[in-house]
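Let's take a walk through this protein together. Have a look at the sequence and the model first, and then we'll go through it piece by piece.

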Amino acid sequence: MAKERRKRSRVPVHFDVSVRTGGETIRVQLINISLTGMLCAPHRLFQADAACQVIIALGSDLVITIDARILRTDPRETAVHFSAMDEESFIHLRKIVEYNADDADRIEKEFRKKAFD
């Protein structure tokens, strides 16, 4: 069995997000999300290594915008790595992850560790 390399827990979520890439904005359903990325439904316009923006609308006046890159895409799913976001977006993303985690304390502990080497 391969060693787990992820340093951030993924939590299952099932709501729609928008992904802006190649001049198009595409709505897809999330499969899971972490503090550093997400897994979502695929779309024919998604291409591996393409820059994108993830837009998560939490309300009419509350939107998280995250700069990202599509890591891989296949007929079942698309993996996206988050590369940058403002502080307010990160705070809201963290709350989404904590709220949907089986163990919110584990997410808090992960937050205190380095995510990248």
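**Starting at a hairpin**

Strands S3 and S4 (residues 37–40) run antiparallel and are joined by 3 bridges; two strands pair if DSSP finds at least two bridges between them. Within this pair, Leu-30 sits opposite Cys-40 in S4.

Before going further, note that this is a predicted model, where local features need pLDDT of at least 70 and side-chain atom pairs count only at pLDDT 80 or more, while totals for chains, interfaces and linings use all residues. Residues are numbered from 1 along each chain as its sequence is written, and side-chain values use heavy atoms, with hydrogens and water left out.

How confident is the predictor? pLDDT is its confidence in each residue, from 0 to 100, and the mean for the protein is 86, with 80% of its residues reaching 70 or more. Residues 1–6 stay under 50, and there the model has 0 contacts beyond four places in sequence; contact means heavy atoms within 4.5 Å.

Now step back to the whole chain. The protein has 2 helices and 7 strands, and along the sequence they follow the pattern β-β-β-β-β-β-β-α-α.

Strand S3 has other partners too. Strand S2 (residues 16–21) pairs with S3 in the antiparallel sense over 6 bridges, and Arg-20 stands opposite Thr-25 in S3. Strand S1 (residues 11–12) also runs antiparallel to S3 (residues 24–33), with 2 bridges between them, and here Val-11 faces Ile-33.

The hairpin of S2 and S3 has 2 residues between the strands, and Gly-22 takes a positive phi near 55° there. Is Gly-22 buried or exposed? Gly-22 is exposed, because its relative accessible area is 76%, and the cut-offs are under 20% for buried, over 50% for exposed and partly exposed in between (1.4 Å probe, protein chains only). The C-alpha atoms of Gly-22 and Ala-50 are 8.2 Å apart, although 28 residues separate the two along the chain.

Ser-18, found in strand S2, is buried, since its relative accessible area is 10%. Its side chain makes a polar contact of 3.4 Å with that of Arg-27. Such a contact is a pair of N or O atoms within 3.5 Å; within protein, one must be able to donate a hydrogen and the other to accept it, and residues adjacent in sequence count only if both atoms are side-chain atoms. Leaving out residues up to four places away in sequence, Ser-18 touches residues including Gln-53, Val-54 and Ile-55.

Finally, the inside. The largest nonpolar core has 26 residues, and Ile-33, Met-38, Val-54, Ile-56, Val-80 and Phe-82 have the most contacts inside it. The elements giving two or more residues to this core include S5 (51–59), S6 (62–73), S7 (78–85) and helix H1 (87–100). A nonpolar core is a set of buried Ala, Val, Leu, Ile, Met, Phe, Trp, Tyr and Cys residues joined through side-chain atoms within 4.5 Å. In soluble globular proteins, nonpolar side chains tend to be buried together. Beyond its neighbours within four places in sequence, Ile-33 is in contact with Met-38, Ile-56, Phe-82 and Leu-93, among others. Of the protein's 117 residues, 38% count as buried.

Notes:
Helices (H or I, at least four residues) and strands (E, at least two) are DSSP runs, numbered from the N terminus. pLDDT is the predictor's confidence in each residue, from 0 to 100.
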